[in-house]
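Hi,

Here is the structure I promised to pass on to you. Have a look at it first, and then read my notes below.

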Amino acid sequence: MNTNTESSDKTNGLENPLITDEIISQARAAFMAAREIKDHQTLFVGIGLPCLVAHLSQSVLSPNCHLVFESGLMEVACETQPLSTASANIAKTAKMHGSMLDVFSMLQRGEIDVGLLSAAQIDIHGHLNSSRLITKSGKTLSLPGSGGAHDITVLANKVIAVMPSDPRRFVNNVDFITSPNSPYGNREGVVGVAMPDAYFSFDTGRPILQKIYSDRNADAINESLNWDSQISDSLEIVNPPEGDLLERAGIFLKTS
Amino acid sequence: MIDKVMTAQQAVKKYIHNSDTVFIGGFGHAIAFAIAHEIVRQKKHSLHLVKTGADIVFDLLVAGGCANRLSCGWYGNPGIGMSNIISKAVASGELALTESTNFSMMLRLHAGKLGVPFIPSPILADGDLAGSVDGIKTIKCPFTQAQYQAHSALNPDVAIIHAQRSDMNGNVQLWGSVGDTIEGCEASQKIICSVEEICESEEILLSPHLTKLPAHKVVAVIKQPFGAYPSYVHDYYQRDERYYAEHTSNTKDSLKSDEWLQTSVFDHDDFECYLNSLPGTLLDQLAWSKS
């Protein structure tokens, strides 16, 4: 078991040794995204951080949301972290076992309210990269690829990205556009990105720091990332998740 | 009624030919590992592998030198990392990789299943994947004049899959998370299926709604309990999480990959021998639990 508990006291006053820095960081990013979801919405959930967003939404913030995974699992109760979209833990809590074609068809018909995605990089246009990275020395580093990410980005009514707090992931132009922020028809595309410190929107075609946790400084966060973003005139201050939300995130992440 | 029951050795020898296009069944669940082992053991080569998300069974086939082409939407070790074997084979030129998206692969298999040349969709119109995928071309809707991408039909020569059960005639029953398996099978010319159990046709008649594949396309039924190990089979056994967790480091370089291939495939006469070589109580520990 991970015993890295150093800053849990500083960040939120909790004394639970199971709530590690890593859990707090993931919970903060996921909570920022989950706040954007409305109750009764249908969510298409990617693997990784998006699953924690789905869990916090379903168990606390939006208890009537519907969860869909690309494997074809629908009406899932996302109680423990799945490693893949077809993992047994979510297959056992799914009320419908459909096919991959069923759920991508729903997506294409416009029945998915929100796609939840993570990626290796996001840029100021809201494009996402999950295909390859170019290192400083010019070497290409291959990544697993789109999977359903391209399809979700183009076809969901809106997409919320959720990313760890790594400045290298926030760039002016991604190394490879796997998932272009060019939504089909009148869909909204990538509307924002949540991370452990803040939430940026793309309403104006550029990242605007729209929401920030009360224990963070907007100027410092805005300057810490590798992209040209600006701070909203109507910046919203958000209290970071604590207590029950952190406990839930801790249990969720530890029982994969 | 024709008895299609045979060994994996017989099925692979008879129905998989070098240069075939092969769909590999199982998306996270019920992955056709036993048949894939046999393809490697028989040193089939120049196969074109087709899949939405290519799981670690593709590492086995690529490391075994069986494939020279892979068309997929994703490849790697789900939730864990990259495929070192596929990245390396692509970099060296041994494997031609066509990367698209999971939905595009699904549409192409669905077009194959429907028996039509293509299906239109708005995906792959923009971004760096657009234009790079063979088999996708821009078309105009004849009704609205709007632009779409035509995703051309894929009809693999053969699909290899694993399922819960079948009768000897190939009425295959599959349940749980089906992913892309049914589309892939219906698009293919023929289906080779391994199953946990072979049952009487009378039993199939008690639950015909679970029969997911048409028997006329099933050419071989292989009885192989734990034939999807190390993946899972709904209602039968859990995934071997440790195997997946260690896989990426077990295949991190050529030396390790060769060793992995040797100890999992070439050291054994068949999949049953491989299963017998696993630590004593491992398979018992993987017993399915409802919760």
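**What I found**

In chain B, the buried residues of H1(B) pack against helix H2 (33-41), strand S12 (190-198), strand S14 (218-223) and helix H10 (271-276). Please keep in mind that this is a predicted model.

Which residues of that helix are buried? Helix H1 of chain B covers residues 8-15, and Ala8(B), Ala11(B) and Val12(B) are buried there. Looking down the axis of H1(B), you will find these buried residues within an arc of 95°, so they line one face of the helix.

Stepping back to chain B as a whole, it is divided into domain 1 (8-100 + 155-285) and domain 2 (118-152). The C-alpha centres of domain 1 and domain 2 of chain B lie 31 Å apart.

Next, the contact between the chains: chain A brings 36 residues to it and chain B brings 38. On the side of chain B that touches chain A, strand S5 (74-75), helix H5 (102-114) and helix H6 (181-187) of chain B each supply at least two residues. H5(B) gives the most to this side, with 4 residues. By type, the residues on this side of chain B are 18 polar, 14 nonpolar and 6 charged.

Finally, a word on confidence. Chain A has an average pLDDT of 93, and 93% of its residues score at least 70. In residues 1-13 of chain A, however, the pLDDT is below 50, and this stretch has 18 contacts in the model beyond near neighbours in sequence. Where pLDDT is low, the predicted coordinates should not be read in detail.

Best wishes

Technical notes:
Residues are numbered from 1 along each chain as its sequence is written. Chains are lettered from A and ligands numbered from 1 in the order in which they are written. This is a predicted model: local features need pLDDT of at least 70, side-chain atom pairs count only at pLDDT 80 or more; totals for chains, interfaces and linings use all residues. pLDDT is the predictor's confidence in each residue, from 0 to 100. Two residues are in contact if their C-beta atoms, placed from the backbone, lie within 7 Å. Ala, Val, Leu, Ile, Met, Phe, Trp, Tyr, Cys and Pro count as nonpolar, Asp, Glu, Lys and Arg as charged, and the others, Gly among them, as polar. A residue is buried if 20 or more other C-beta atoms lie within 10 Å of its own, exposed if 12 or fewer, and partly exposed in between; C-beta atoms are placed from the backbone. The arc is that of the directions from the helix axis to the C-beta atoms. Domain bounds come from an automatic or database domain assignment.
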